[in-house]
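Hi everyone, thanks for coming. Let's look at one model together and talk about its charged pairs.

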Amino acid sequence: MPLKFYFASVPISMVLATLYLYYVVEYKPSQKRVKLLEDLAMKVVHKPSECELKASDGDLVHVHYTSFLKSAGQQFESTKGGEPYVFKLGKCGQQSKPECMKGFQSAVMGMCTGEKRKATIPPKLGYDKKVRPPEISFDEKILFHIEMVDIDKD
């Protein structure tokens, strides 16, 4: 039995294709997401002269970091003096680890090997309420000093 062709399907297909193309070309991230990332204060402290490799989603990154409570200036965690902290960028291993913080992920994204950044993470982009360390209040901003040691591309 042969298939029938309906001429009405042509304009309908064209309208749907046009709408899809408009959506793909004109898509903008939600204003809520943009506002959250605006609250993330980031400063590049040291940028290497050559940047051949930038950290991106899915890369295995090796970083040293030191974290401080912004209000008190009290250090509560650091990898300095030991092995670098290694995690897969864009993935969340254990909820209590910094890679699960949206702000930390955004701060590390795009870093070069040897680059150093300071990032102030607002509470909305910080630790989840369930896994927040006891010394960190719910409205506390966290300051991270981050140094990219190495990047392993997939």
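Is Lys153 buried or exposed, or does it count as something in between? At 39% relative accessibility, Lys153 counts as partly exposed, where buried means under 20% relative accessible area, exposed over 50%, and partly exposed in between, with a 1.4 Å probe and protein chains only.

A quick note on the ground rules. This is a predicted model, where local features need pLDDT of at least 70, side-chain atom pairs count only at pLDDT 80 or more, and totals for chains, interfaces and linings use all residues. Residues are numbered from 1 along each chain as its sequence is written, and side-chain values use heavy atoms, leaving out hydrogens and water.

Back to Lys153: its salt bridge partner is Asp59, with the closest N and O atoms 2.9 Å apart. By salt bridge I mean a side-chain nitrogen of Lys or Arg within 4 Å of a carboxyl oxygen of Asp or Glu. Asp59 is buried, at 3% relative accessibility. The structure holds 4 salt bridges.

Now, please find Glu115, which is buried at 0% relative accessibility. Glu115 meets Arg117 in a salt bridge at 2.8 Å, N to O, and Arg117 is buried too, with a relative accessible area of 9%. Salt bridges with shared partners join Lys47, Glu115 and Arg117 into one network. Between Lys47 and Glu115, the closest N and O atoms are 3.6 Å apart. Lys47 itself is partly exposed, at 42% relative accessibility.

And how confident is the predictor? The chain averages a pLDDT of 82, pLDDT being the predictor's confidence in each residue, from 0 to 100.
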